[in-house]
Amino acid sequence: MTKEEILEKSRSDNAGKDIEDLEVQKRAATIAYFSSFGLCILISVLNWIFTRQIKIECWIVFFGMVCIVFFVKFVKLKKLHELFVALGYLLIFIALLILFILQLSGKIVG
């Protein structure tokens, strides 16, 4: 392939995509992940300070969100690593959801 052919293929592959916009979206998503993780930690610490309990509801939402992100990345990128990470987060999500349901039913005191 010549340099011109490579450039033309790159232009056609990126047609309609604004590279700066994609980078901003990627950066915003990264900030959102870390912010939501920090908020979950803050909520857990405050719950522990005031009630000596840790509520798991925010962690269920957090791990559910991250699990979906990695499943979407796996579907789009076809990278096996993304699938394994998604399955790990799915296991954590399911475990927390079961614990939450058991707490709601009164079988476990939370």
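**A tour of the aromatic cluster**

Select W59 to begin: W59 is buried (under 20% relative accessible area; exposed is over 50%, partly exposed in between; 1.4 Å probe, protein chains only), with a relative accessible area of 14%. The model is predicted: local features require pLDDT of at least 70, side-chain atom pairs count only at pLDDT 80 or more, and totals for chains, interfaces and linings use all residues. Residues are numbered from 1 along each chain as its sequence is written, and side-chain values use heavy atoms, without hydrogens and water.

Now display the rings. Across the whole structure, a search finds 7 aromatic pairs (Phe, Tyr or Trp rings, the six-membered one for Trp, with centres within 6.5 Å; planes under 30 degrees apart are stacked, over 60 edge-to-face, the rest tilted). How are the rings of W59 and F62 arranged? Their centres are 6.0 Å apart and their planes stand at 85°, so this pair is edge-to-face.

Keep F62 in view and select F63. F62 and F63 form another edge-to-face aromatic pair, with 5.3 Å from centre to centre and 75° between the planes. F63, like F62, is buried.

Finally, select F37, F70 and Y89 together with W59, F62 and F63. Ring pairs link these residues, F37, W59, F62, F63, F70 and Y89, into a cluster.
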